[in-house]
Amino acid sequence: MDNFIFHSPTEFIFGRGTQKEVGKTLKRYGAGKVMLVYGGGSAERSGLIKEVTDSLKAEGLDYVTLKGVKPNPEADLVYEGIAMAVKEGVTFMLAVGGGSVIDTAKAIAVGAVYSGDFWDFYCGKSTPSAALPIGVVLTIPAAGSEGSCKTVITKKDADGLHKISIGSELIRPRFAVMNPELTMSLPWFQTACGVADMLCHIFERYFSNTTAQLVNAYSEAIMRDIMDQALTLRVNPDDYEARADIMWAGTLAHNGLCGVGKEEDWSSHRLEHEVSAFYDVAHGAGLACIVPAWLLFVAKRNPDMAWKFAINVMSVNPQGFDTDHIIAAGISALKDFYHDIGLTTSLRELVGKEPDIEAMVKSLEYNMGPSLGKYVPLTMDDCREIYRLAL
Ligand code: NZQ
Ligand code: ZN
């Protein structure tokens, strides 16, 4: 196990009815003027925005509203939000939604207290030195942004499309309100995409060359539970206990706990971010295509964790079989799981046409440099091959 610091100070307020207390929680955190950020309408239709604004009003909190965040959120709305935050004197960001909404609120949080262009942080010109505090009411377990220090924004400019992730402890949410009941209005496809995303957040840490038996053991337990509960929800989407497990697992998958003391990989995410940037598909749906192809490719060079994964997570019986057979059975079982929850593992099928692999590799190299990953470092030729395997 490598040396590590684990500092994940978000307060999680979990369970039925918790969204009704958000005003009190903001007050406890000393919020002045709040910016309420949300998405394309699901939170309005479910009545959640009314519950949240009622709760703010009950505490006498002043707020402004920024709505219309789209999945794979873009820089344009961030600029709009920054201008509004500065003009209105906003002192606290409140994101009501999923990863796209939270990441937009995080980008506004760093941009509103910076004299330059917020994109400086994403293109590597500058590092955030201050941020408005952020609170979250989570409506979809997936990205783990409610407990992470990351934000992912897409910008289009003369050089192409850039979907870029940055991290800073300044943007880790102060609190996250998590009521599993709020996730029952999700279309099944979004639940499935969320499951694929949270699993991948663990894969990026599990597939590592660092020895960390305890971390691997609880990571395997979380992965197995996510798959079990996803299959339960496939049959009964209103099962509260399964919703609760999936919601908490999404946070544990990405708040750093599964990566302590380990070298992390992140190539599947970087490969996928090009797919969702180019074809505007859901991030989790892209991962379901990329991950099996990535695993097939890297297991040939580094079979160790792929073998463990097959046996300990995908329940492959190793008796009488050689390593290659066990790994192949593990990858096949993972693909079966994605299919069972209604996701395709074919990139061509996902984007509905022949994906432009050359353009994605070119953009990947522009955005991320000439190599990716740690479990097996990948060249751009390797990435091209993984995209082909994912077709
Ligand atoms: O916009 P509305 O109408 O709210 O609809 C949303 C959206 O269409 C809908 N939805 C959310 N909660 C709902 C609901 N519909 C009905 N009932 C509910 N309770 O779901 C759709 C997807 O929402 P989105 O926020 O895009 O999903 P997700 O949480 O998967 O976020 C994806 C974004 O997060 C980034 C991804 O790249 C992508 O841009 N990620 C962020 C990370 C981070 N900040 O740490 C890490 C991840 O790896 C990921 O890259
Ligand atoms: Zn992800």
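Q: What makes the shell residues around ligand 1 nonpolar, polar or charged, and how do they divide?
A: Ala, Val, Leu, Ile, Met, Phe, Trp, Tyr, Cys and Pro count as nonpolar, Asp, Glu, Lys and Arg as charged, and the others, Gly among them, as polar. The shell of ligand 1 then splits into 9 nonpolar, 19 polar and 4 charged residues. This is a predicted model, where local features need pLDDT of at least 70, side-chain atom pairs count only at pLDDT 80 or more, and totals for chains, interfaces and linings use all residues. Residues are numbered from 1 along each chain as its sequence is written, chains are lettered from A and ligands numbered from 1 in the order in which they are written, and side-chain values use heavy atoms, with hydrogens and water left out.

Q: How many residues surround ligand 1, and which are the closest?
A: A residue is near a molecule if one of its heavy atoms lies within 4 Å of it. For ligand 1 there are 32 surrounding residues, and the closest are Gly-40, Ser-42, Gly-99, Ser-100 and His-201.

Q: What makes the pairing of Ser-100 with ligand 1 a polar contact?
A: The term requires a pair of N or O atoms within 3.5 Å. A polar side-chain atom of Ser-100 is 2.5 Å from an oxygen atom of ligand 1, so the pair qualifies. For Ser-148 the distance to a ligand oxygen is 2.8 Å, and for His-254 it is 3.0 Å. The protein covers 88% of the 960 Å² of accessible area that ligand 1 has on its own (Shrake-Rupley method, 1.4 Å probe).

Q: Which atoms are called donors of the zinc ion (ligand 2)?
A: Donors are N, O and S atoms within 2.8 Å of the metal (3.2 Å for Na, K and Ca); water is not among the atoms, so sites may look incomplete. Asp-197 (OD), His-201 (NE2), His-269 (NE2) and His-283 (NE2) coordinate the zinc ion at 1.9 to 2.2 Å, so they meet the cut-off. His-201 lies in helix 7 (residues 188-206) and His-283 in helix 11 (residues 283-301), so the pair ties together parts that are 82 residues apart in sequence. Helices here are DSSP runs (H or I, at least four residues).

Definitions and conventions. Helices (H or I, at least four residues) and strands (E, at least two) are DSSP runs, numbered from the N terminus. A polar contact is a pair of N or O atoms within 3.5 Å; within protein, one must be able to donate a hydrogen and the other to accept it, and residues adjacent in sequence count only if both atoms are side-chain atoms.
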